[in-house]
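Colleague: Can you walk me through this one? Start wherever you like.
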Amino acid sequence: MTIKLVEVSSAVYHMMNLTGALCMATNAKHNKAKPLLWLNMVWFLIALMGLLQLYKP
């Protein structure tokens, strides 16, 4: 069950995903956890693609 505060197709949702992935990647880099670093970099790119699709003409 979700509380649906933010629409999945909104810019806010994608910015939250970008921010979360970047924070997690930074933490993984600090802790030298390479698999988690790469996973969160991929997640960051996925969120970035979703954000860019919102502004695609």
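Modeller: Let's start with S10. S10 is buried, with a relative accessible area of 19%. Keep in mind that this is a predicted model.

Colleague: Why does S10 count as buried?
Modeller: Its relative accessible area is 19%, and buried means under 20%.

Colleague: Which backbone atoms lie by a polar atom of the side chain of S10?
Modeller: One is the backbone oxygen of E7, 2.8 Å from a polar atom of that side chain. Another is the backbone nitrogen of Y13, at 3.2 Å from a polar atom of the S10 side chain.

Colleague: On to α1. Which residues are buried there?
Modeller: H14, N17, L18, A21, A25 and A28 are buried in α1. Looking down the axis of α1, these buried residues fall within an arc of 100°, so they line one face of the helix.

Colleague: Why would spaced-out residues point the same way?
Modeller: An α-helix has 3.6 residues a turn, so residues three or four places apart point the same way.

Colleague: And what does the face turned away from the buried side of α1 carry?
Modeller: That face of α1 carries the exposed residues M16, T26 and H30.

Colleague: How far apart are the end C-alpha atoms of α1?
Modeller: They are 28 Å apart. At 1.5 Å a residue, the 20 residues of α1 should span 28 Å, so the two values agree.

Colleague: New topic. Which residues make the nonpolar surface patch?
Modeller: V42, W43, I46 and M49 make that patch, about 400 Å² of it. M49 belongs to helix α2, residues 34–54.

Definitions and conventions. Residues numbered from 1 in each chain as written. Predicted model: local features only at pLDDT ≥ 70, side-chain atom pairs only at ≥ 80, totals over all residues. Heavy atoms only, no water. Patch = residues over 30% accessible without salt bridge, like charges linked within 9 Å, V, L, I, M, F, W, Y side chains within 5 Å. Areas by Shrake-Rupley, 256 points an atom, 1.4 Å probe, with all protein chains shown as cover. Salt bridge = Lys/Arg side-chain N within 4 Å of Asp/Glu carboxyl O. Helix = DSSP H or I, 4+ residues; strand = E, 2+ residues; numbered from the N terminus. Buried < 20%, exposed > 50% of the residue type's maximum accessible area, 1.4 Å probe, protein only. Polar contact = N/O pair within 3.5 Å; in protein donor to acceptor, adjacent residues only side chain to side chain. Expected span 1.5 Å × (residues − 1). Arc of directions from axis to C-beta.
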